[in-house]
Amino acid sequence: MSHHPSVIEAAIQATKTYGAGSGGTRNISGTAHLHVELERTIANLHEKEAGLVFTSGYVANEAALCTLAKGLPNCVAFCDEKIHASMIQGINHSRVPKHVFSHNNLDQLRQQLSKYDKKQPKLIAFVSVYSMEGDFAPIEVICDLAKEYNALTYLDEVHAVGIYGKGGAGLANALNQQHRIDVIQGNFAKAYGVIGGYITGSKSLVDYVRSMASGFIFTTSLPPMIASAATTSIKVLQEADDLREKLWDNVNLLKSLLAKTQVNYHNTPSHIVPVVIGDAKACKDFTDALLHDFGIYVQPINYPTVPRGEERMRLTVTPFHTKEMIHEMADALSFLWGKFFMKMAG
Ligand SMILES: *Cc1c(COP(=O)(O)O)cnc(C)c1O
């Protein structure tokens, strides 16, 4: 989307009208009509009362989680062990007691929740599409638990917006759970191809974060041209079922080709296809060979992004990759896999 003609044009036109920068913080001369329009667009996307834009998805998570957890008297936080670093930072900075449950382990979450009085404020922080695993959160069951134990739900949809749900509204939308999530967080930097982050929720909750979050108040706002590019990208993708179809065709093609090889890929339900190598040096050597011998660029993902011993490649195709490119990629991976990891057998 960063190369989409409408997105580029929106950025150019807004730059000519408003300049390259915003001129200040949101409260001190840094709010343009385009910021407000972007906040309306995300609220509308997620069918929430209000939206609030931050300079990045990281800042949105850090600021909103810290502010909410700290602001709720006696709050206790519950989080999946695989949530994003920005969410961990936010919860840690709030200094509220925290329970980490192992990845998608609902029995453990229930156990942890049940230790507290129903009246005590609780916050469950989780992610819809986990970026390194490529798996989904059991959103519906987590919402059931939140209801049963009286907890707020905070969902990071960074890897889902633009791709899943009606008009790209995310996985909670796709599963008809959107109305049950108190805070939906996302960003404009992944599928949308620009930069910036946001939260959406009820008017009073969003107003509270707007009024209290240091990471919102004390920093220069996004340039209006970025706000305009992001709004345009969201609106283009709201109407772009054809692009989503192409994406899934490509994802399914890649997975079906890899299924015919020895490559140790994870057959995830999502568009993210991890290939776990399990060793930092082998992972780097493998991706170097992919680049130098085949002209294919895949980054090695090593510690601290994933735990040691779980080093991996993460394959993410786009709607704009051709079938030919995907065939080449699968062939290259298969060839190198044989060369690197099948020596013993051969
Ligand atoms: C990338 C990412 C973020 C941070 O978003 P930025 O806009 O890059 O700061 C937050 N959560 C998840 C799950 C991410 O993958």
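What follows goes from a strand to a helix, and then to the cavity and pockets.

Keep in mind that this is a predicted model.

**A covered strand.** Start with β1, residues 50-54, where five of the five residues are buried. In a regular strand the side chains alternate between the two faces of the sheet. Here A50, L52 and F54 point one way, while G51 and V53 point the other way. Both sets are buried. The partner of β1 is β7 (residues 197-201): the two strands run antiparallel and are joined by five bridges. In that pairing, V53 has Y198 as its bridge partner.

**A helix with one buried face.** Next comes α8, residues 203-212, whose buried residues are L205, V206 and V209. Looking down the helix axis, these buried residues fall within an arc of 95°, so they line one face of α8. An α-helix has 3.6 residues a turn, so residues three or four places apart point the same way. On the other side of α8, K203 and S204 are exposed.

**Empty space inside.** Rolling a probe the size of a water molecule over the atoms shows where empty space is left. The structure holds one cavity of 30 Å³ or more, and the largest cavity has a volume of about 80 Å³. Its lining includes V53 and F54, along with R26, H35 and F216. By type, the cavity lining divides into four nonpolar, six polar and one charged residue.

| Pocket | Volume | Lining by type |
|---|---|---|
| Largest pocket | about 1,200 Å³ | 20 nonpolar, twelve polar, four charged |
| Second largest pocket | about 590 Å³ | 15 nonpolar, ten polar, five charged |

Which residues lie nearest the centre of the largest pocket? Out of 36 lining residues, they are T316, V317, T318, P319 and H321. The elements giving two or more residues to this lining are α11 (241-259), β10 (312-315) and α13 (323-341). Of these, α13 gives the most, with four residues.

The second largest pocket is lined by 30 residues, and K82, I83, H84, A85 and S131 are the closest to its centre. At least two lining residues come from each of α3, α4 (85-94) and β6.

Conventions: Residues are numbered from 1 along each chain as its sequence is written. This is a predicted model: local features need pLDDT of at least 70, side-chain atom pairs count only at pLDDT 80 or more; totals for chains, interfaces and linings use all residues. Side-chain values use heavy atoms; hydrogens and water are left out. Buried means under 20% relative accessible area, exposed over 50%, partly exposed in between (1.4 Å probe, protein chains only). Two strands pair if DSSP finds at least two bridges between them. On a 1 Å grid over the protein atoms alone, a cavity is a set of points where a 1.4 Å probe fits but cannot get out, and a pocket is an open set with protein on both sides within 12 Å along at least five of seven lines; lining residues have an atom within 4 Å of a point. Grid points are joined across faces, edges and corners, and a volume is the space filled by probe spheres set on the points. Ala, Val, Leu, Ile, Met, Phe, Trp, Tyr, Cys and Pro count as nonpolar, Asp, Glu, Lys and Arg as charged, and the others, Gly among them, as polar. The arc is that of the directions from the helix axis to the C-beta atoms.
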